[in-house]
Amino acid sequence: MTIAEPRNPTLAVWKFASCDGCQLSLLDCEDEILALAGALDIAYFPEASSGMVEGPYDVSLVEGSITTPHDLERIKKVREESGVVITIGACATSGGIQALRNGADVSEFIGIVYAHPEYISTLEMSTPIADHIEVDFELRGCPIDKGQLIETIVAHLAGRPPRIPTTSVCMECKARGNPCVMVAHGTPCLGPVTQGGCRALCPTYNRGCYGCFGPTESPNTEALAEQFVKLGMRDDAIARSFRTYAAWAEPFKQEAERRDPS
Amino acid sequence: MTSENVDLHVPILARVEGEGAMHVQVSNGEVTDIRLEIYEPPRFFEALLRGRDYTEPADITARICGICPVAYQMSAVHAIERACGVAVGGEIRELRRLLYCGEWIQSHVLHIGFLHAPDFLGYESGIAIAADHPKMVESILTLKRTGNDIVDVLGGRPIHPVNIKLGGFYKAPSRAEMRSLREPLLQARETCVELIRWTAGFDFPDLQQDYEFVSLRHESEYPFNEGRIVSNKGLDIDASEFEQHSLEEHVAHSTALHSRLKDRGWYHVGPLARWANNFDLLSSDIQEFAAEVGIAPVENNPFKSIVVRGLETLHAIDESLRIVDGYAPPAKSFVDVPARAGVGWSATEAPRGMLYHRYEIDDEGIILAAQIIPPTAQNQPTIESDLRRFVEENLHLDHEELQLRCEQSIRNYDPCISCSTHFLTLTIDKS
């Protein structure tokens, strides 16, 4: 009788409509990447390796949103071949900056950019992965935080839930001892309605949070928008502030529509 | 053995940023079809920017590319500042150069060690190289981290930095933060020299092309953010004239538009172009070291770009040390950039080549039109020309070897396919 050698779990990294920044975060783990490559087999990661092992895979990281008919089919295959699907970043989790097309006339957009619209195959909307398949875990951020990425991968390997806080950026500002940029110098800040994970990066650099980790749980966007009005912001500017990297996330989308119904 | 009929198809190009494929067809010993296919989904940035505030492109256009966000931020702020009639000088200008140095270091070292070196050494990936050369890969990672650290200190994070605004920075780094970069940079310099020697010892396939090299040229500095757009064949224009000289063509096999120069044809942007047009502006140290490792002042073999990237990294390290050593925090971290109606243009040097932006804004600062011409769209016809030439001269290679070399020749350009897709208002339709 032979006993099968224990094998390392396999990892696949998939790209849909995106900038590559979130998967690059994996290569930016300079201190951890070699150890990580020892603990799991990187079976499919075209950006980093021409060795492409066929599935199934234990863990799939999915970057990017669904914007083409071809990708709609491809994501279903990713689900079938993967034990665990983890979406990484704002595109995969809420449609990304390219979701600004949603609600606009896409054929007009194509006309602005391309001479031969007939060569272009695209969907009307840019949508998150979870609209199409079951997702096991969503990692926020534009881009994701590499510490959170390592924690998420390690947790899945260990079979425990990742320790990823879902509290707001405000909590992280308090933890860092930052003075509140809204209170101290009247700078509009999405921190109260945005999930943390960035260690309150923007307020630490003297600017308001721009919401790239998407809405926190039960965000009171309306009250915050009223505060922005008191700081002198116009409704169109308030709508734009909610329409950026997580524009298609429901609470941000609704607040933007409230301010700018057009 | 000469192959009379070859059909190479690589459906997923690995070790490039974004989604592309390669198709090469040879019939009866003649190359009948060469295509670098780009199927990266369109994201329509130029359309998304319409109606946004003039302060926003510095953050929004960064999302075009996770590998070179700083290039997008720099082209955006310089173009919009020009539209508003503001020029930024002094310490803020120096910090912007330093930020760009950080991006060159991180992007060049990633490409050298992880995306391109595996081709020369016969590995699938940089991680696979580590199994046999752990020390070299560890020092490459440390060198790359030095670039990340620079962008981290100045920008807040290495990908999509948050600290960049019109007129400068939200917050200037402290003296202590800048000093913290010094030791790692000194270490990085030694590692970089070692890395250059390592890559200079690779076997370079023989390919010589008579390129038109297009890059910025500044009167006294190896270019990052400023300069005229020049070529080794007599082009010499301001960024505001660039669109009058360039043609964009939409072809069926690409969601990136192909660029050409009017009456001049395809051209080459990137490290080899900057090198050819600005060699005299490098330090004598780097010029002499280049000669020692076999790199000519004008290098026409695209496979040697891996060594030139290393030499540019060395320059970026030296330039970083100069800026770090001379740093005094500015009294204010930005200059005011009040909105006014107008048009502004800028070209800056992304790691993989010249990146052009144009914005038209109204008197309230709302963007009326945006135009972005990324480096890989400019290089795509050049990449195809290299492929054609290489295949024609190497039909004696077996199928597998020819395919590997073709992929390697695409990677000579460090193509950034996410960048090159989804841009460009078409000016000329050649169909």
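Modeller: Let's settle one term first: two residues are in contact if their C-beta atoms, placed from the backbone, lie within 7 Å. Helices (H or I, at least four residues) and strands (E, at least two) are DSSP runs, numbered from the N terminus. You're looking at a predicted model, where local features need pLDDT of at least 70, side-chain atom pairs count only at pLDDT 80 or more, and totals for chains, interfaces and linings use all residues. Residues are numbered from 1 along each chain as its sequence is written, while chains are lettered from A and ligands numbered from 1 in the order in which they are written.

Colleague: Okay, two chains then. Which helix gives the largest share of the side of chain B that touches chain A?

Modeller: In total, 53 residues of chain B are in contact with 46 residues of chain A. The elements giving two or more residues to chain B's side include helix H1 (45-48), helix H4 (90-121) and helix H6 (134-155). The largest share, 5 residues, comes from H6(B).

Colleague: And what is that side made of, by class: how many nonpolar, polar and charged residues?

Modeller: For the classes, Ala, Val, Leu, Ile, Met, Phe, Trp, Tyr, Cys and Pro count as nonpolar, Asp, Glu, Lys and Arg as charged, and the others, Gly among them, as polar. Sorted that way, the side of chain B that touches chain A has 24 nonpolar, 14 polar and 15 charged residues.

Colleague: Let's stay with H6(B). What orientation does H6(B) have to H8(B)?

Modeller: Axes here are lines fitted to C-alpha atoms, for helices over the stretch in contact, and angles run from 0 to 180 degrees between N-to-C directions. Angles under 35 degrees count as roughly parallel, over 145 as roughly antiparallel, 65 to 115 as roughly perpendicular and the rest as oblique. H6(B) and helix H8 (residues 182-200) of chain B pack at about 130 degrees, with axes 9 Å apart. H6(B) is therefore, relative to H8(B), oblique.

Colleague: Is the crossing of H6(B) and H8(B) left-handed or right-handed?

Modeller: A crossing is left-handed if the near helix is turned anticlockwise from the far one by less than a right angle, and right-handed if clockwise. To find the spot, look for residues including B:Met136 and B:Ile140 in H6(B), which meet residues in H8(B), among them B:Leu185 and B:Trp198. The contact divides into 9 nonpolar, 4 polar and 2 charged residues. As for its hand, the crossing of H6(B) and H8(B) is left-handed.

Colleague: How do H13(B) and H14(B) lie to each other?

Modeller: Helix H13 (residues 375-393) and helix H14 (residues 399-411) of chain B pack at about 150 degrees, with their axes 9 Å apart. H13(B) passes H14(B) in a right-handed crossing. Among the residues that meet are B:Phe390 in H13(B) and B:Leu402 in H14(B). Given that angle, the two helices are roughly antiparallel.

Colleague: Last one: what is omega for the peptide bond from A:Gly55 to A:Pro56?

Modeller: A:Pro56 lies in the loop between strand E2 (41-44) and strand E3 (57-63) of chain A. Most peptide bonds are trans. The bond from A:Gly55 to A:Pro56 is cis, with omega near 5 degrees.
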